[in-house]
Structure formats: structure tokens, C-alpha cells
Amino acid sequence: MPMKPFTLLCAVVLAACGDADPVSPPPRDDVGEAGVFAFHLDLDQAVPVGVIDATLTITRDGATVTGAYVWVEAKIPSHTHTSAALRAEEIGDGRYAIDGLEVEMPGDWELALDAEAGGARDSIEFDVFVE
């Protein structure tokens, strides 16, 4: 017995939905504006309104950077809101914890990072969506 067009359409749509891959977070790996450090931000694709907790890894010429002073600030350009800057805490192996960075409204935010180590300084901004 042949399938009716509507039944066939439903079967195709349902089959396509079953194969959907979860959305991957945008890449958050890049070289800073001065080209000195490479930054990797480990953060969910979208974060809820409230507090951002994330991990930052910094490298230079392939080696992890330890002992860095890292300052972080969140800003939402469309509303000129900024969070209070905080210092990321070193947790080992070139990794730094960003804990308690406040974001008070949904929208497209930027995380501005400024790092200084071994007499070198670099900065970068990562886009973050707050829901």
C-alpha cells in the first residue's frame, strides 16, 4: 500500500530530527592582540544570567604560562554595561579560574582578558552569549 504524501513527509522529518547533532560551543582559542600569548577559554556555549565560572589556559610558544596576572571583565556593548574586573586565580599548569564574574542581563557579552607574565603583556576578547 503506497504512503500518503503527508505520512511520508512526517516520516522524513522525524528521521532527520533523530540524527541531529548537539550544537558545539564556538571555538574559544585565539592568539592575543599583541601576538604574545595564546588563550583557550573553557566555557559553555551559552551561560545563564548570574555568575560566570570558567577556566582559561594561557600558552606562549607552545608552553604553558604560569605566574601570570590575569584580569577579566565582562561587558555588554549594546547597553554599555560592564562587570567589576576580577583577577583570575592560578590553578596550575597554565590554567586560571575565572570565578564569580557577574553578568546581570541576557544578551551578547564580551569577556575582556588581560594577561601579564614574564615581562610580557597581551589581551583578548571572547564573545559570550548570556541567556
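How do strand E9 (residues 89-92) and E10 pair, and over how many bridges? They pair in the antiparallel sense over three bridges; the legends below place this pairing in its surroundings.

This is a predicted model, in which local features need pLDDT of at least 70, side-chain atom pairs count only at pLDDT 80 or more, and totals for chains, interfaces and linings use all residues. Residues are numbered from 1 along each chain as its sequence is written, and side-chain values use heavy atoms, with hydrogens and water left out.

**View 1. Overall chain and confidence.**
The protein has one helix and twelve strands, in the sequence pattern α-β-β-β-β-β-β-β-β-β-β-β-β. Helices (H or I, at least four residues) and strands (E, at least two) are DSSP runs, numbered from the N terminus. The average pLDDT, the predictor's confidence in each residue from 0 to 100, is 83, and 79% of the residues score at least 70. Over residues 6-22 pLDDT stays under 50, and the model has one contact beyond four places in sequence for this stretch. Contact means heavy atoms within 4.5 Å. Among contacts between residues at least 6 apart in sequence, 55% join residues at least 24 apart. The protein exposes about 8100 Å², of which carbon and sulfur atoms supply 54%; accessible areas come from the Shrake-Rupley method with a 1.4 Å probe, and for residues only the protein chains shown count as cover.

Of the 131 residues, 31% are buried, where buried means under 20% relative accessible area, exposed over 50% and partly exposed in between (1.4 Å probe, protein chains only). A nonpolar core is a set of buried Ala, Val, Leu, Ile, Met, Phe, Trp, Tyr and Cys residues joined through side-chain atoms within 4.5 Å. The largest one has 31 residues, and Ile52, Ile58, Val70, Val72, Ile98 and Leu111 have the most contacts inside it. At least two residues of this core come from each of strand E2 (38-42), strand E4 (50-60), strand E6 (69-76), strand E10 (95-103), strand E11 (107-117) and strand E12 (120-130). Beyond four places in sequence, valine 70 touches Leu56, Ile58, Leu86, Arg87, Ala88, Tyr96, Asp114 and Ala115.

Two strands pair if DSSP finds at least two bridges between them. Glycine 50 counts as partly exposed because its relative accessibility is 27%. Leaving aside neighbours within four places in sequence, glycine 50 is in contact with Leu101, Glu102 and Val103. The C-alpha atoms of glycine 50 and glycine 100, 50 residues apart along the chain, are separated by 8.7 Å.

**View 2. E4 with E2 and E5.**
E2 and E4 pair in the antiparallel sense over five bridges, with alanine 38 partnered by threonine 59 of E4. Threonine 59 also has threonine 64 of E5 as a bridge partner. E4 and strand E5 (residues 63-64) run antiparallel and are joined by two bridges. Their hairpin has two residues between the strands, and aspartate 61 in the turn has a positive phi of about 55°.

**View 3. E12 and its partners.**
In a regular strand the side chains alternate between the two faces of the sheet. E12 has a covered face, formed by Ala120, Asp122, Ile124, Phe126, Val128 and Val130, and an uncovered one, formed by Arg121, Ser123, Glu125, Asp127 and Phe129. E11 and E12 run antiparallel and are joined by eleven bridges; glutamate 110 stands opposite aspartate 127. Glycine 118 takes a positive phi near 55° in the hairpin of E11 and E12, which has two residues between the strands. Strand E3 (residues 46-47) pairs with E12 in the parallel sense over two bridges, and alanine 46 has phenylalanine 129 as its bridge partner.

**View 4. Serine 83 in its loop.**
Serine 83 lies in the loop between strand E7 (81-82) and strand E8 (86-87). This serine counts as buried because its relative accessibility is 8%. Not counting residues up to four places away in sequence, serine 83 touches Glu73, Ala74, Leu101 and Glu102.
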